[in-house]
Protein chains: 2
Amino acid sequence: MTKVRDEVLAANEDYAGSFGDKAGLPMPPARRFAILTCMDARLDPAKFAGLAEGDAHVIRNAGGRASDDAIRSLVISHKLLGTKEWFVVHHTDCGMETFTDEIMRGLLRQSLDTAEIGPDGWKGVGQGPGSTAGDHIDWLTISDQAESVTADVKRIRAHPLVPQDVPVYGYIYDVRSGRLIEVPEATEAGKA
Amino acid sequence: MTKVRDEVLAANEDYAGSFGDKAGLPMPPARRFAILTCMDARLDPAKFAGLAEGDAHVIRNAGGRASDDAIRSLVISHKLLGTKEWFVVHHTDCGMETFTDEIMRGLLRQSLDTAEIGPDGWKGVGQGPGSTAGDHIDWLTISDQAESVTADVKRIRAHPLVPQDVPVYGYIYDVRSGRLIEVPEATEAGKA
């Protein structure tokens, strides 16, 4: 057991110990909405959006991007489990703004070890072996948050499996204030 | 503004109002681990695993599956942001166990409206138009949780961009008790 595993299991023991009436929650989200956001450690969607267990679907990946897999999840969320409104939330100071596909591919070709970031950007460290398997991956990097949110809302809106009557809202979460800031052009593009 | 948007923004206002020293959190996860789990509304990874803001990456999709997009996120998590241990957490009573690709494709061909589930399984409701765009999507359904967790840990372990020194653990979260139950064959397959 690593320290992290011990800690996670001890925290879980505490949580399960006072689980109470959450045992009876049904599968479909009670408040009928879904949030797509970034995996970033600073973001806690349950806290920043006020979710209790059972309320809403939460989909997270690097960047909070509308990848094919995020759209797979959103379609299941609506078609089978009845969500009726979707939020796309990107955030300030996102790691996805610090690199490009070219940079990531170069770093991975050199080594799989964790790279370091300095004033001049990412610097490869570590010994090989690296891999060229990153060369064919679209890393879904971000150069401007309002643009990325708007592009993702538009991609969701235009998808053939997304019904027209599900509104999609676009927000940026500010990691310095905890505040959700609407991106009006995204929400406009995502209107039902 | 819908009721849901009003409620989310009001909850966010409260959260931001007492944000305190979270404003100074750095981008890399302080506790250097990541959790891949399901979007299910009943799961709150921060609560069931004891995470504070800034602690760990959380990746979520329908099923908690090791999709290409989840692996994209995990590789970024390690290569750029330094996580060193990964948890894959599927759960009991998962929606992904209630259908097959064939069922989902049939439902979507009929209509994009939310379907209903009854004693005989899913039943299409609603008027068209439906879409054949679901025919080419692998919906990543689940027939047995221990098998799906183990398969996903193995897929991650075998990926050319995943370093051998990152252990991958497999768990099932029990939605009736809040408890994480280890899947030993998954954790064994994911050993560093």
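This is a predicted model: local features need pLDDT of at least 70, side-chain atom pairs count only at pLDDT 80 or more; totals for chains, interfaces and linings use all residues.
Tutor: Let us begin with a term: a polar contact is a pair of N or O atoms within 3.5 Å, and within protein one of them must be able to donate a hydrogen and the other to accept it.

Student: How far does the backbone oxygen of Asp69(A) lie from a polar atom of the side chain of Ser73(A)?

Tutor: The separation is 3.0 Å. Ser73(A) belongs to helix H3 of chain A, which covers residues 68–79.

Student: Is Ser73(A) buried or exposed?

Tutor: A residue counts as buried when its relative accessible area is under 20%. Ser73(A) has a relative accessibility of 0% and therefore counts as buried. Leaving aside neighbours within four places in sequence, Ser73(A) is in contact with Ile59(A) and, from the other chain, with Met39(B), Asn61(B) and Ala62(B).

Student: Through which surface do the copies meet?

Tutor: Of the interface residues of chain A, 100% are also interface residues in chain B, so the copies meet through the same surface. In general, the size of an interface is often given as the accessible area lost when the parts come together.

Student: Which residues of chain A does Phe19(B) touch?

Tutor: Phe19(B) touches Tyr173(A), Val175(A), Arg176(A), Ser177(A) and Gly178(A), not counting residues up to four places away in sequence. Phe19(B) is located in the loop between helix H1 (3–17) and strand S1 (33–38) of chain B. With a relative accessible area of 7%, Phe19(B) is buried. Its C-alpha is separated by 30 Å from that of Arg72(B), which is 53 residues away along the chain.

Student: How is chain A organised overall, and how many helices and strands does it have?

Tutor: Chain A has six helices and seven strands. Their order along the sequence is α-β-α-β-α-β-α-β-β-α-β-β-α. The domain assignment gives domain 1 as 28–98 + 140–192 and domain 2 as 100–138. The C-alpha centres of these two domains of chain A lie 28 Å apart.

Student: What share of chain A is buried?

Tutor: Buried residues make up 57% of the 192 residues in chain A. As for contacts in chain A with a separation of 6 or more, 62% are accounted for by residues 24 or more positions apart. The C-alpha atoms of the chain fill a box of roughly 50 × 45 × 30 Å, taken along the principal axes.

Student: Which residues of chain A does UniProt list under "binding site"?

Tutor: The unreviewed UniProt entry lists Cys38(A), Asp40(A), His91(A) and Cys94(A). Although these residues are spread over 57 residues of sequence, they cluster in space, with a largest C-alpha distance of 8.9 Å.

Student: Where are Cys38(A) and His91(A) found?

Tutor: Cys38(A) is in strand S1 (residues 33–38) of chain A, and His91(A) is in strand S3 (residues 85–91) of chain A. Cys38(A) is buried at 4% relative accessibility, and His91(A) is buried at 1%. Among the residues that Cys38(A) touches are His91(A) and Cys94(A). The contacts of His91(A) include Cys38(A), Asp40(A) and Glu97(A).

Student: How should I read a pair of strands, such as S6 and S7 of chain B?

Tutor: One looks at the direction of the strands and at the bridges between them. In chain B, S6 (residues 168–174) and S7 (residues 179–182) run antiparallel and are joined by four bridges. Tyr171(B), for instance, has Glu182(B) as its bridge partner in S7(B). The hairpin has four residues between the strands, and Gly178(B) takes a positive phi near 80° there.

Student: Where does another glycine, Gly64(B), lie?

Tutor: Gly64(B) lies in the loop between strand S2 (56–61) and helix H3 (68–79) of chain B. At a relative accessible area of 0%, Gly64(B) is buried. The residues that Gly64(B) touches include Cys38(B), His90(B) and Asp152(B).

Notes:
Residues are numbered from 1 along each chain as its sequence is written. Chains are lettered from A and ligands numbered from 1 in the order in which they are written. Side-chain values use heavy atoms; hydrogens and water are left out. Contact means heavy atoms within 4.5 Å. Domain bounds come from an automatic or database domain assignment. Two strands pair if DSSP finds at least two bridges between them. Helices (H or I, at least four residues) and strands (E, at least two) are DSSP runs, numbered from the N terminus. UniProt positions are given in the numbering used here, feature names are shortened, and annotations may be inferred rather than shown by experiment. Buried means under 20% relative accessible area, exposed over 50%, partly exposed in between (1.4 Å probe, protein chains only).
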